[in-house]
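Welcome, and please open the structure in your viewer. We will walk through it one selection at a time.

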Amino acid sequence: MEAPLTEQKAHLRRGLLSNKIYMRVYTAYAAAEFGNWFDSLAIQVLVGYRWQAGPLMLALIPVSLALPGIVLGSVAGLAADRLNKLKLMRLCDLLTAVLTAAVLLAPGMLWLLPLLALRSAVSALNVPAQQSLTRSIVREDQLLQAASLNGFVTQGSKIAGPLLGGLALAALSPAWCIALNACMRLFSYVLLSIKNADANRSIGADTDVRKKAGDQASINTEPLSARTMWKEGWSFIFRSRLLRNTMLFGLLGALSIQMVDFQFASLFRALAPDREYLLGWLVSAAGAGAVLTIAVMNKAGRSAGYGSRLGGGYALIGAAIGGLGLLPPGVSPLPVLLLGLLLGAGNGMFMIAFNYCLQKETPPHMTGRVFGIQSMVLSAVMIAAPLLGGAMVDLAGPRRIFAGFGLVITLIGAAGMLLRHLLWPEGKEGRKAAEA
C-alpha cells in the first residue's frame with residue numbers, strides 16, 4: 001500500500017503545468033483561440049468596411065452564430081458527458097478548418113451567414129467537450145488556475161490577434177487572416193492526437209474524491225437515456241441556488257451587452273471612418289486589460305466572492321461601453337485605448353469568475369451538460385438582442401445607443417455587487433445539490 005500512497009502524494013504536489021495531457025489540450029486551445037481572433041477581426045472589417053454592410057446586416061452575424069447553439073447546446077453537453085471528449089474535439093477542429101476554408105470563397109453576406117452558422121454548430125459541440133475534459137484532467141484545487149490560464153489565452157489572443165491581423169489587413173487582405181484561422185485549427189487537431197491510454201491515466205491519477213465522483217458518474221450515466229440526462233442537467237441547475245443565480249445574472253448582463261456587441265464597426269465608422277485599424281487597437285487594448293486583470297485575480301485566488309467579481313466585471317464593461325458612446329467623431333487613439341483597457345478588465349474579471357463558478361460548483365460527470373445548457377441559453381439571448389440593437393442603432397445612431405446601454409450594464413453590475421450576499425451566499429451549494 002505504500003507505493004500507491006507515495007504516488008498519490010507526488011501527484012498532489014504536482015503543479016498544473018507539469019500535467020502533460022492538460023498542457024497539450026491547453027496549447028491546442030490557445031492555437032484555436034488565436035486563430036479565432038484573426039478570423040473575427042477580418043470578418044468585421046470585411047463586412048463593415050469593405051462590403052459596407054448596415055447595422056441590421058451586421059446584427060445578422062451574431063444571429064447566425066447563435067442559432068446552432070440553441071439547437072445543439074444541450075445535445076453538445078450530452079455528447080461531452082457520454083462520448084470520447086478528445087475524439088469529439090479533434091473532429092470539431094477538422095470540420096472547423098474545412099468550413100473556415102469555405103468562408104474564404106464567400107462572395108457576399110448570403111453565402112457568408114450560412115457558412116458561419118455551420119461553423120458555429122461545430123463550435124457548439126466543441127466548447128462543452130473542452131470544459132468537461134478540463135474538469136476531468138485537472139484537480140479541484142487547480143481549477144481556478146486552469147480557468148485563469150484559459151482566460152489568459154482568450155484575452156491574450158485579443159492582443160496579438162488584432163495587432164498581427166491589423167498588419168495583415170493593411171498589407172494584404174482579410175482572406176489571409178481567415179486562412180490563418182484554418183491553419184490554426186489544423187494545428188490544434190494535431191496537438192489533440194493524444195493516446196487514449198495516456199488520457200485515461202491522467203484522469204485516473206486524480207484524488208479519491210474525483211475518483212468517487214467519476215465512479216458514481218459511470219454508475220449513474222450508463223443506463224440513462226439522453227432525454228433523462230438532459231432533464232437531469234436542468235434539474236441540477238434549478239436545485240442549485242448559486243448556479244441558478246449565476247446563470248440568471250450572466251444572462252441579464254449578456255442581454256444588454258449583445259445589443260451593442262456586434263455594432264462596434266458601426267460605431268467606429270461614425271468615430272473614425274478613415275481609420276479601420278482603430279477597431280483592432282480597441283480589441284488589442286481590451287485583451288491587454290483582461291490579461292492584467294486575470295493575472296491579479298490569479299494571485300488573489302478565492303479572496304473575493306463571486307458577487308464582487310461578477311458584478312464588478314459588468315460594472316467595468318458598462319463604463320467602457322458608455323464611455324465609447326460619448327467619444328466625439330475624429331477622436332484620437334488614446335481615449336479609445338484607455339476605454340479598451342477598461343473594457344478588457346471587466347471582461348476578464350467576469351469571464352474568469354463565471355467559468356470558475358460553473359466548473360467548481362458542478363461535479364465532473366455534470367460539467368458537459370451544465371456548460372451545454374449555459375451555451376444554449378446564451379445563444380437564445382443572441383437571437384433577439386443583436387437584431388433589436390441593430391434596429392436601434394439604425395434609428396438613433398451608434399453613439400447614443402452605446403452610451404445608453406453602457407449605463408444599463410453598469411447598473412446591472414452595481415446591483416450584483418450590492419446584492420452579492422443575497423445572490424451568492426455560499427460557494428458550496430452546487431456540491432450540496434449534487435449530493436442531495
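**Stop one: helix 2**

Select residues 20-50, which form helix 2: 31 residues, with 44 Å from the first C-alpha to the last, close to the 45 Å expected at 1.5 Å a residue (the expected span is 1.5 Å times one less than the number of residues). Helices here are DSSP runs of H or I, at least four residues, numbered from the N terminus. This is a predicted model, in which local features need pLDDT of at least 70 and side-chain atom pairs count only at pLDDT 80 or more, while totals for chains, interfaces and linings use all residues. Residues are numbered from 1 along each chain as its sequence is written, and side-chain values use heavy atoms, leaving out hydrogens and water.

Because 23 of its 31 residues are buried, helix 2 is largely enclosed by the rest of the structure (buried means under 20% relative accessible area, with a 1.4 Å probe and protein chains only). Just after helix 2, click Gln52, whose phi is positive, about 55°.

**Stop two: the largest nonpolar core**

Now show Tyr22, Val25, Phe264, Phe268, Leu310 and Tyr314, which touch the most other members of this 77-residue core. A nonpolar core joins buried Ala, Val, Leu, Ile, Met, Phe, Trp, Tyr and Cys residues through side-chain atoms within 4.5 Å. Helix 15 (residues 333-360) gives the largest share of this core, nine residues.

**Stop three: confidence**

Finally, colour by pLDDT, the predictor's confidence in each residue from 0 to 100. The chain averages 77.

Definitions and conventions:
Buried < 20%, exposed > 50% of the residue type's maximum accessible area, 1.4 Å probe, protein only. Helix = DSSP H or I, 4+ residues; strand = E, 2+ residues; numbered from the N terminus.
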